[in-house]
There are 2 protein chains.
Amino acid sequence: MTPFALNDFLPYRLAVAASRVSRAFERRYMAEAGLSVSEWRVLAHLSQESEVSVREIQARVDMEKSKVSRAATRLEEQGLITKVVNQTDRRLVSLSLTQKGHEVMEKLIPLANRFNADLQRILGPESKAFHASLDRLLNE
Amino acid sequence: MTPFALNDFLPYRLAVAASRVSRAFERRYMAEAGLSVSEWRVLAHLSQESEVSVREIQARVDMEKSKVSRAATRLEEQGLITKVVNQTDRRLVSLSLTQKGHEVMEKLIPLANRFNADLQRILGPESKAFHASLDRLLNE
DNA sequence: TTGACTTCATTGCAAATGCAATGAATATTT
DNA sequence: AAATATTCATTGCATTTGCAATGAAGTCAA
């Protein structure tokens, strides 16, 4: 049989690393806030730009539009964001953080930044090169 | 609002890279073989060691046991593997490739190796360092 | 302006997932 | 040996997902 080493197979290693890291983040910080990673992504984007449409988030946050839409619905149910039909183009739905949403993010962002810093520390001096490699994979 | 840059957040970047790479692999090669990534993982492990239990695969291939179990069921339905109760320990189920399973892998493995080589090429000389960083993330 | 296209967001549906619970088989303890 | 605990694979259930289909709103061209 032609040899094959799953352990050197990049798609596999990448998938395992990604899911472990995401899961750790989710369990450590998101779970107690009652948030999933999908919801976190939407919130994260909204904390940078306010009044964003589903479509825009879909592109910037790299999620299927239906995934964004449903995450937004759940976030609205939790009172963290608001969905309003855009009045200049009524196809669009403007999402924005509520007061409560801001408060939640005010707590979560420092945790996320710390979590990220921990990862950078684990990577050590290679951290920068690692990011550069991710860039190459993402832009190919 | 405390600043947060999703684009520098490693869990996010890793997740995006992993899902794009896996998806590309799945669509380019697995789809036409009628296989999902989960099923591929199981097959990949079976091509290295024959007669392996679900539990063993679960550990080596980093998948939930129910996921392994269901992937195995689907593979059996496709005639690619065999499930037999282990006679020395009847709790275990021994999975192994059928003749057809071997044939399929004989075709897929070269494709997978090529796909992997392409990725290494994209990464260029940093490729080795990238793998080393993945190791660090996985062993922390 | 009317009609054909395109762009948005949501939803229906089938499939996949994670987790807990089940039940069967083996190990361990008393 | 009997009772208890552990290990293993599967399954039930609720949830999430991806994709296609829908319908509403806007754009463009004749």
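## Surface near DNA strand D

In this predicted model, the surface near DNA strand D is made up of 13 charged, 6 polar and 3 nonpolar residues.

With 4 residues, α4(B) gives the most.

## Contacts with DNA strand D

Among the atoms of DNA strand D that lie within 4 Å of the protein, 73% belong to sugar or phosphate, and the rest belong to bases. In one, a backbone N or O atom of A:Arg90 lies 2.9 Å from a phosphate oxygen. In the other, a backbone N or O atom of B:Val93 lies 3.4 Å from a phosphate oxygen.

A base is also reached, through a side chain: an N or O atom in the side chain of B:Arg70 is 2.8 Å from a base oxygen of DNA strand D.

## Largest pocket

The largest pocket holds about 1300 Å³ of space. It is lined by 32 residues, and the closest to its centre are A:Ala15, A:Ser19, B:Ala15, B:Ala18 and B:Ser19. Both chains take part: α1 and α2 of chain A and α1 and α2 of chain B each give two or more residues to the lining.

The element that gives the most to the lining of this pocket is α1(B), with 9 residues. By class, the lining has 14 charged, 11 nonpolar and 7 polar residues.

## Largest cavity

The model has 2 cavities of 30 Å³ or more. The largest cavity has about 70 Å³ of space. From chain A, its lining takes Ser22, Phe25, Val37, Trp40 and Arg41, that is A:Ser22, A:Phe25, A:Val37, A:Trp40 and A:Arg41; from chain B, it takes B:Leu6, B:Phe9, B:Pro11 and B:Tyr12. The elements that give two or more residues to this lining are α1 (10–30) and α2 (37–46) of chain A, together with α1 (10–30) of chain B.

Here α2(A) gives the most, with 3 residues. The lining of the largest cavity divides by class into 7 nonpolar, 1 polar and 1 charged residues.

## Second largest cavity

The volume of the second largest cavity is about 50 Å³. Its lining consists of A:Phe9, A:Pro11 and A:Tyr12 from chain A, and B:Ser22, B:Phe25, B:Val37, B:Trp40 and B:Arg41 from chain B. Two or more residues of this lining come from each of α1 of chain A and α1 and α2 (37–46) of chain B.

The largest share of the lining, 3 residues, comes from α2(B). By class, the lining of the second largest cavity has 6 nonpolar, 1 polar and 1 charged residues.

Notes: Residues are numbered from 1 along each chain as its sequence is written. Chains are lettered from A and ligands numbered from 1 in the order in which they are written. This is a predicted model: local features need pLDDT of at least 70, side-chain atom pairs count only at pLDDT 80 or more; totals for chains, interfaces and linings use all residues. Side-chain values use heavy atoms; hydrogens and water are left out. On a 1 Å grid over the protein atoms alone, a cavity is a set of points where a 1.4 Å probe fits but cannot get out, and a pocket is an open set with protein on both sides within 12 Å along at least five of seven lines; lining residues have an atom within 4 Å of a point. Grid points are joined across faces, edges and corners, and a volume is the space filled by probe spheres set on the points. Ala, Val, Leu, Ile, Met, Phe, Trp, Tyr, Cys and Pro count as nonpolar, Asp, Glu, Lys and Arg as charged, and the others, Gly among them, as polar. A residue is near a molecule or strand if one of its heavy atoms lies within 4 Å of it. A polar contact is a pair of N or O atoms within 3.5 Å; within protein, one must be able to donate a hydrogen and the other to accept it, and residues adjacent in sequence count only if both atoms are side-chain atoms.
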